[in-house]
Amino acid sequence: METKPTIETVLERLSAMESRSSARESQIISRLEALETHVSSFGARLDTLEAQMTEGFQKVNDGLEMMKYKLEIMTQDIMDVRASMRKLDRRIPGGLEPSVA
């Protein structure tokens with residue numbers, strides 16, 4: 001019984017499997033490299049978006065802070081006017097308040 005042809009057949013099949021495996025490995029590596037490029041690009045875009053959002057939120061916070069200061073000033077001005085009106089109201093016998101008939 002001769003085993004040489006069987007061994008050669010097995011070796012040929014192993015070689016064919018190795019060739020297919022190498023080709024598949026090359027495809028997988030190229031896909032992974034393409035995916036890595038896309039992920040890297042996506043990461044850069046996210047970094048840019050994050051920076052823009054941070055800048056936008058800072059502008060909103062600055063604007064709100066300015067509005068807070070203006071409201072504080074306006075509130076103080078209104079309080080000063082009301083205090084002046086009370087002082088005047090005390091000085092005028094009939095008062096400044098309109099009477100409701």
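E55 counts as partly exposed because its relative accessibility is 47%, where partly exposed lies between buried (under 20% relative accessible area) and exposed (over 50%), with a 1.4 Å probe and protein chains only. The model is predicted, so local features need pLDDT of at least 70 and side-chain atom pairs count only at pLDDT 80 or more, while totals for chains, interfaces and linings use all residues. Residues are numbered from 1 along each chain as its sequence is written, and side-chain values use heavy atoms, without hydrogens and water.

**View 1. Salt bridge between E55 and K59.** The two side chains meet at 3.5 Å, N to O; a salt bridge is a side-chain nitrogen of Lys or Arg within 4 Å of a carboxyl oxygen of Asp or Glu. The count by this rule is 1 salt bridge. E55 and K59 are separated by about one helical turn because they are 4 residues apart in helix α1. K59 is exposed, at a relative accessible area of 56%.

**View 2. Nonpolar surface patch.** I7, V10, L11, L14 and M17 together have about 480 Å² of accessible area. Patch residues have over 30% relative accessible area and no salt bridge; like charges are joined within 9 Å and nonpolar side chains (Val, Leu, Ile, Met, Phe, Trp, Tyr) within 5 Å. I7 belongs to helix α1, residues 4–91, and is partly exposed at 48% relative accessibility.

**View 3. The chain as a whole.** The chain holds 1 helix and 0 strands, taken as DSSP runs numbered from the N terminus (helices H or I, at least four residues; strands E, at least two). Of its 101 residues, 0% count as buried.

Conventions
Areas by Shrake-Rupley, 256 points an atom, 1.4 Å probe, with all protein chains shown as cover.
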